[in-house]
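Me: I want to go through some charged side chains in this model. Can you take my questions one at a time?
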Amino acid sequence: MTDYQELLQTIRDLQPSRLGYIEILQEEVKRNQDRPLERTKLEEESEDGTGGPPSMAQPPRGNANLLTVPYSIPRALTVSPSLGGLPITPELAGNLRKILFGNTFYVFNYEWKKSFFKFREPYSNLSYALEAERGGSRAIQMVVQANIIKYLLFTRQTNSDCCRLQSLSEVGEKEQERALAVALTDILWAAGEERSATISLVTSDYCFTPHLDYKLDNFTERLQLFSFNKKEDVKKFVYEHIQCFEDEGSHGVILFLYSLIFSRTITRLREDLDCTTSHLLHLSLGNFVCRQALMNLLLTGRASPNVFNGTLQCGDDGSPLEKPLHGVLARSAVGYLHWSRELLERTKLPMVGSMLKTPKLPIWVCSINGTYSVLFSPNRSLLSDWKMEHLFHMYFYNGQPSQQSTALLTIDTHSHHWEVGIKDTQGDPEKRFPSLEMAVRTKWEGAAIDWNGTMPFF
């Protein structure tokens, strides 16, 4: 403490203008001296996965928790062990890690741990929208966003015609929570083949002592699993515990991902995958990114690693493959569009099949240059009446906090004026047109896109 006081005095001498801040620090020190050390500190120290449960950790020395790092993750929300459920076992925790990362030593990084389902301001232009920062978890958030839009536009019962954009701005806080609960439930129920679903929540008690070949994260080891055989029971349970997914510090996206895996089951996931994919996440530029198998699991309930229709038995040359490749087997409610300049240049841009490209509802999750967003229309008949596809409106939301209103696009599939002059200009169209437009044209080839006064962005 003497060293700390000397440091404060030095700062006083050098920067007198910061006296107010120093006094605040002193007050914080005084409060922490009188406060017992909490488990929270142990959890904060283990955010990199190197810590352990209280029974295994060394007691902190001195006042180790005097100051809290301003960008640290708040303490995870927990439910009471008396709520019931089955505690996670060491074997299940190990298999969970392997199906996610391919090993038991990787743990989620800071970007993933801080991610949760956060709505924009209620009763605003974007009251339907989730705020998703950059990072690997954004893909999951945008699929959930698409299912929220599905509920608000096409599922919920209202006194008026809800299939219009205005209804998306008439969403209060309670309706936001209900929409999130329905969206999470729909995805989990599909993963459980519409027969069951499992919800994972965190309790305050540790369920097991890990083996030496398992890296602690002080989160997974406290999971309790709640299984249900009726969809209404799933929705009710999720709604009652919605704060475990949408509050800061809840690790909400990870909890939902765990629930998705447990709903599908490890056994079925291994059957879904093929020789090209053994796990659901891969490490890219220091962050864990969703593989296509995880995207398909979120969209269709089955973790097929490819975007083409059906199962591929033969290669491009017609010869039988040693092992078949698994694609999408049924139309999904929410669709998927994919555009990547990098893959296009390497001639490896995958051709999305009609099962994903033409969904049951006019809502598409878009993967554009590795970033995820949502494109949608309130007009259900867009996919059932070919005449509607001549000239129509679409709405676009990319999840970024900088987007302040839903972008309106007018798509004309008969006018090809965007192609004028292309033959006389060097380079490919992607250099002259926004990537979003190129993604739209993977569904409506040759379409002209009008941004209606909005500066094109992505």
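Me: Which residues does R97 touch, not counting those up to four places away in sequence?
Reply: R97 touches G102, N103, T104, Y106 and V107, and also Y214, K215, L216, D217, T220 and E221. Contact here means heavy atoms within 4.5 Å. This is a predicted model, where local features need pLDDT of at least 70, side-chain atom pairs count only at pLDDT 80 or more, and totals for chains, interfaces and linings use all residues. Residues are numbered from 1 along each chain as its sequence is written, and side-chain values use heavy atoms, with hydrogens and water left out.

Me: Where does R97 lie, and is R97 buried or exposed?
Reply: R97 is in helix α4, residues 90–101. Helices are DSSP runs of H or I with at least four residues, numbered from the N terminus. R97 is buried, at 2% relative accessible area. Buried means under 20% relative accessible area, exposed over 50%, and partly exposed in between, with a 1.4 Å probe and protein chains only.

Me: Which backbone oxygen lies 2.8 Å from a polar atom of the R97 side chain?
Reply: That of K215.

Me: Switching to salt bridges. How many does the structure hold?
Reply: The structure holds 18. A salt bridge is a side-chain nitrogen of Lys or Arg within 4 Å of a carboxyl oxygen of Asp or Glu. Side chains of opposite charge can pair when their charged atoms come close.

Me: What does D186 pair with?
Reply: D186 forms a salt bridge with K150, with the closest N and O atoms 3.2 Å apart. The pair links distant parts of the chain, since D186 is in helix α7 (residues 173–191) and K150 in helix α6 (residues 138–155), 36 residues apart.

Me: Are those two buried or exposed?
Reply: D186 counts as buried at 15% relative accessibility, and K150 is buried at 12%.

Me: And K235, which side chain does it meet in a salt bridge?
Reply: That of E232, at 3.2 Å from N to O. K235 and E232 are three residues apart in helix α8 (residues 231–240), so about one helical turn separates them. K235 is partly exposed at 28% relative accessibility, whereas E232 is exposed at 52%.

Me: What about R264, what is its partner?
Reply: R264 forms a salt bridge with D272, and their closest N and O atoms are 2.8 Å apart. R264 is buried at 5% relative accessibility, and D272 is buried at 3%.

Me: Which residues are joined into one network with them?
Reply: Salt bridges that share partners join R264 and D272 with E193, R195, R268 and R302.

Definitions and conventions. Helix = DSSP H or I, 4+ residues; strand = E, 2+ residues; numbered from the N terminus. Polar contact = N/O pair within 3.5 Å; in protein donor to acceptor, adjacent residues only side chain to side chain.
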